[in-house]
Every structure is written in structure tokens, then in C-alpha cells.
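Here's a quick walk through one model, for someone who would rather look at side chains than at score tables. Have the viewer open as you read.

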Amino acid sequence: MTTIVVVRKHNQMVIAADSQSTFGETRISSGLDAAWNKIFSIKGSYMGISGSAAHDLVMQQLLKKQKSLALGSRSEIFETFRKLHPKLKDDFFLNPKEEEDDPYESNHMSILLANPKGIFGVFSMREVYEYTRFWAIGSGREFAIGAMNAVYDQCETAEEIAKIGVEAGCMFDINSSLPMTLYSVTSESESR
């Protein structure tokens, strides 16, 4: 699994992630994985994905092919991922089944985004959230969220808070480990 966080403080948005990949009981550290960076850049946004390791390459390839890609608001992100879902099934053979009583087909992903418009989360049934302060995904999320909540008001920058969140995830979650990657963008809107 993973620990991926997004943080917004003043006019700075940050996304950060650990570097370990896990396949069942086997883990691959950054020293053995040539492509350990879990965050990628796409059209002015940084994105990190939690779920199957296959999601990373699939989403990078799929998003690169999109002529218009709107990621600047909850509604734009929802519409983008709604349009991508049939392509995930048809072109990349996504199995959309999860639970029999689920209201919608699943893409089996949790995604965090950071861009000049804000910090966002996209979840398996295309639920989209915009966060005002921070959030985390992956198996280390609870540790990261708790740590970021504890230090948010004491830290001056989003970068400091994000580092603390990922470090907490790596400290306590057996499926996350350092080093981390971290990317920062400046907000287009007023400070929060």
C-alpha cells in the first residue's frame, strides 16, 4: 500500500508520498524499484494513486491521451473521471466489480491531486472531495492524518506538515517507507 498526503497552507499546496511498493507479503523498497516515485505530473496537476500498482501506469497513459483534461474544481474532476471510467474498462480492461450492492461501478482507486486550484481527492466510485487543509490516502493514512492534524496550526508551511504526515505513515505502517517525494504548487486564489 502507501502513504500519500496533500496539504494546503496559505498559498501553498503540497503533495507527498512514500516510496515502498507492496505485493501481498512482498515489499519492494526504493533501492530495488527503478520507478519508485508515486507522484506524477499531468497538465499542471500533481497526482498520487493508492490501490493496485497497475493503476499508476494505466492512469498516466490514459491521462496523457486526453485532449481536454479539466482538473480545476470538484465538478470538473468528477466529469473528467466519469468520462475516463468507460475507457478504463474498454481500453485497459478494468474489472469494475467490488461488492454486489455497491451503487456504482468501482475503479478501485484512491487519488490525491494538488494543483494551483486546490487539493482534491477522487475515490473508487468517482466521489470527489476538495480539502481546505489536508488529507491522506493509503494504508498509512490514519497515522498521517493524525500527525498532520496535531501539527497543522504549529507549522508555518504546507511542506513541513506534509513531511510530518508521510514520516508518521512510514513510522507506523508496515506498507510505507522512506524516502519520500514531495511537490509544491502555488495557489491561484487567496490564502485560506
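Let's start with Arg82, which counts as partly exposed because its relative accessibility is 39%. For the cut-offs, buried means under 20% relative accessible area, exposed means over 50%, and partly exposed is in between, using a 1.4 Å probe and protein chains only. A word on the source: this is a predicted model, where local features need pLDDT of at least 70 and side-chain atom pairs count only at pLDDT 80 or more, while totals for chains, interfaces and linings use all residues. Residues are numbered from 1 along each chain as its sequence is written, and side-chain values use heavy atoms, with hydrogens and water left out.

Arg82 sits in helix H2, residues 74–92. Helices (H or I, at least four residues) and strands (E, at least two) are DSSP runs, numbered from the N terminus. Which residue does the side chain of Arg82 meet in a salt bridge? That's Glu79, at 2.5 Å from N to O. A salt bridge here is a side-chain nitrogen of Lys or Arg within 4 Å of a carboxyl oxygen of Asp or Glu. Both residues lie in H2, three residues apart, or about one turn of the helix. Glu79 is partly exposed too, with a relative accessible area of 27%.

The structure holds five salt bridges. Another one joins the side chains of Lys38 and Asp18, at 2.9 Å from N to O. Lys38 lies in the loop between strand S4 (26–28) and strand S5 (39–42), and Asp18 in the loop between strand S2 (12–17) and strand S3 (21–23), so this pair ties together parts that are 20 residues apart in sequence. Buried or exposed? Lys38 is buried, at 12% relative accessible area, and Asp18 counts as buried at 0%.

Being four residues apart in H4, they are separated by about one helical turn. Lys163 is partly exposed at 35% relative accessibility, and Glu159 is partly exposed with a relative accessible area of 30%.

## The sheet and its helices

Now for the sheet. Five strands make an open, antiparallel sheet in the order S5-S6-S7-S8-S9. S5 and strand S9 (128–131) are the edge strands, each pairing on one side only. Two strands pair if DSSP finds at least two bridges between them. S5 and strand S6 (residues 45–50) pair over four bridges, in the antiparallel sense; in S6, Tyr46 is the bridge partner of Ser41.

Helix H1 (residues 54–64) packs on the sheet, touching S5, S6 and strand S7 (110–115). Contact means heavy atoms within 4.5 Å. H2, the helix that holds Arg82, also packs on the sheet, touching S6, S7, strand S8 (118–122) and S9.

Helix H3 (residues 141–151) has Ala144, Ile145, Ala147, Met148 and Val151 as its buried residues. They cover an arc of only 170° around the axis, which puts them on the same side of H3. That arc is the one spanned by the directions from the helix axis to the C-beta atoms.

What do the buried residues of H3 pack against? Their partners are strand S1 (4–9), strand S10 (134–137) and helix H4 (158–172). On the other side of H3, Glu142 and Ala150 are exposed.

Technical notes
Axes fitted to C-alpha atoms, helices over the stretch in contact; angles between N-to-C directions.
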